[in-house]
Amino acid sequence: EGQLSPKTSGKDAALNTGWHPSRDLNIDLISSYRLLQFQDTSAAEDEQTVQGRLELKWNPFKRLIRTQSFYQIGTGQEQKREFSYLQVGDGNGLYIWNDYDSNGIQSLDEFVVSSEYDRGRANYIRQFLPVAGLVRTYSTEFNNSIRIQSNRRTNNVSNFIKFIRRFGILSTTRIQKKVNENTAQDFLNPFFLSIEDSTLISTNTTYRNVLSFNRSNPVFGMDFQYLVNNGKTLLVNGFDNRRQEEQRLKIRWNIERKWEFINSLMIGNRSHISEFLGERSFDYNYSSFAPELQYYFNKNLRIGGAYKYFEAFNSTERGGGKTYNHKLATNLRWNVVNKGSIRTELALVDVNFKGDLNSALGYALLEGLKNGRNITWNINIEQRFSQSIQALINYDGRTSESGPVIHIGRVQLRYLF
């Protein structure tokens with residue numbers, strides 16, 4: 001009585017090693033193992049935890065190709081969870097609440113990610129809450145970045161080689177997954193994602209590939225990007241799936257010293273499938289066309305005009321719905337060296353949405369605006385009082401044919417260490 005007795009004992013082992021044959025090739029391995037033993041075996045079973053990370057940096061062919069990768073595995077336990085939304089100050093959140101059924105009661109399917117016009121009033125964040133029960137997890141992560149960019153020196157080479165050297169490639173891959181069963185294919189292979197729902201806890205994948213032409217040329221350049229984002233998470237009430245696939249072409253042309261033309265073309269698909277909140281599920285294809293013309297009075301002052309056309313069609317399996325949006329805008333930017341900057345925009349947005357306005361799809365496609373004509377404006381002021389003190393003033397406003405005028409303003413003071 002009155003004495004402490006041991007309840008657990010642990011054993012640890014670690015292995016760290018590396019191979020660096022040259023400045024262009026580095027391989028490192030970091031690993032650990034832990035055994036946690038309980039003295040009272042009836043209370044809990046012994047736990048074994050493994051962590052391992054393999055890193056590679058390789059720049060072959062005189063650094064024509066630059067690669068950086070790591071592969072990581074780990075085991076452990078994770079609390080079961082569900083999510084809710086917590087109210088925060090205006091502009092400090094990511095989500096907003098739309099009372100679709102006008103009953104004054106917050107439902108999980110009434111919270112949506114704020115649009116660009118509502119970021120100033122976004123006042124909810126999503127939090128994951130632990131619930132009773134633990135699950136054994138086996139996690140895998142793979143990151144890879146490959147950049148191919150030729151040497152810009154063009155002496156004593158043919159015109160064809162000079163042309164090829166104008167291209168550059170950047171490819172990034174990120175895969176994260178967690179499973180609850182220790183099978184070699186599900187656990188160790190990061191590229192195997194066809195996992196049964198009974199085994200899967202979560203997956204997140206991002207693939208981004210960019211092909212550039214004349215990237216550093218001040219007169220003309222193009223970038224083509226292919227992007228895929230996937231996310232699937234197990235919650236108490238089922239799976240939550242999000243996916244986005246997008247192809248984008250951006251063209252930049254300095255017509256003259258003071259004129260710059262930029263055009264962006266985009267097509268893609270976006271979906272959100274929820275097993276528990278089926279009403280907020282959608283799956284739509286979209287495309288857009290966005291030319292912009294900028295005039296530079298000098299290096300500190302520029303004015304521009306822009307047009308954007310956006311259309312989207314939701315699948316009939318997810319309730320249908322479509323939109324045709326037009327945006328005409330003018331903008332101005334003024335930089336004061338070592339003092340700050342002023343950015344402002346005035347836009348006319350015409351929205352033609354056909355579908356359920358009181359839905360997650362309706363909010364996503366209308367971006368928080370109303371059907372018909374909308375006018376939006378904003379001004380952002382950045383003022384530096386010294387090397388370490390900075391003030392930010394943001395003001396956004398909008399109005400529509402059927403709605404009131406909305407004003408959103410924020411002021412921030414920053415002290416930079």
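**Close-up views of a predicted chain**

**View 1. The whole chain and its surface.** The accessible surface of the chain comes to about 25,300 Å², of which 53% belongs to carbon and sulfur atoms (Shrake-Rupley method, 1.4 Å probe). The model is predicted, so that local features need pLDDT of at least 70 and side-chain atom pairs count only at pLDDT 80 or more, whereas totals for chains, interfaces and linings use all residues. Residues are numbered from 1 along each chain as its sequence is written, and side-chain values use heavy atoms, with hydrogens and water left out. Of the 417 residues, 34% count as buried (under 20% relative accessible area, 1.4 Å probe, protein chains only).

**View 2. The largest nonpolar core.** This core, a set of buried Ala, Val, Leu, Ile, Met, Phe, Trp, Tyr and Cys residues joined through side-chain atoms within 4.5 Å, has 22 residues, and those touching the most other members include Val112, Tyr284, Ala312 and Leu365. Helix 4 gives the largest share, five residues (helices are DSSP runs of H or I, at least four residues, and strands are runs of E, at least two, numbered from the N terminus).

**View 3. The surroundings of Leu365.** Not counting residues up to four places away in sequence, Leu365 touches Tyr284, Phe310, Ala312, Thr323, Asn325 and Phe353 (contact means heavy atoms within 4.5 Å).

**View 4. A second core.** A separate core of eight residues includes Val179, Phe187, Ile195 and Phe239.

Definitions and conventions:
Buried < 20%, exposed > 50% of the residue type's maximum accessible area, 1.4 Å probe, protein only.
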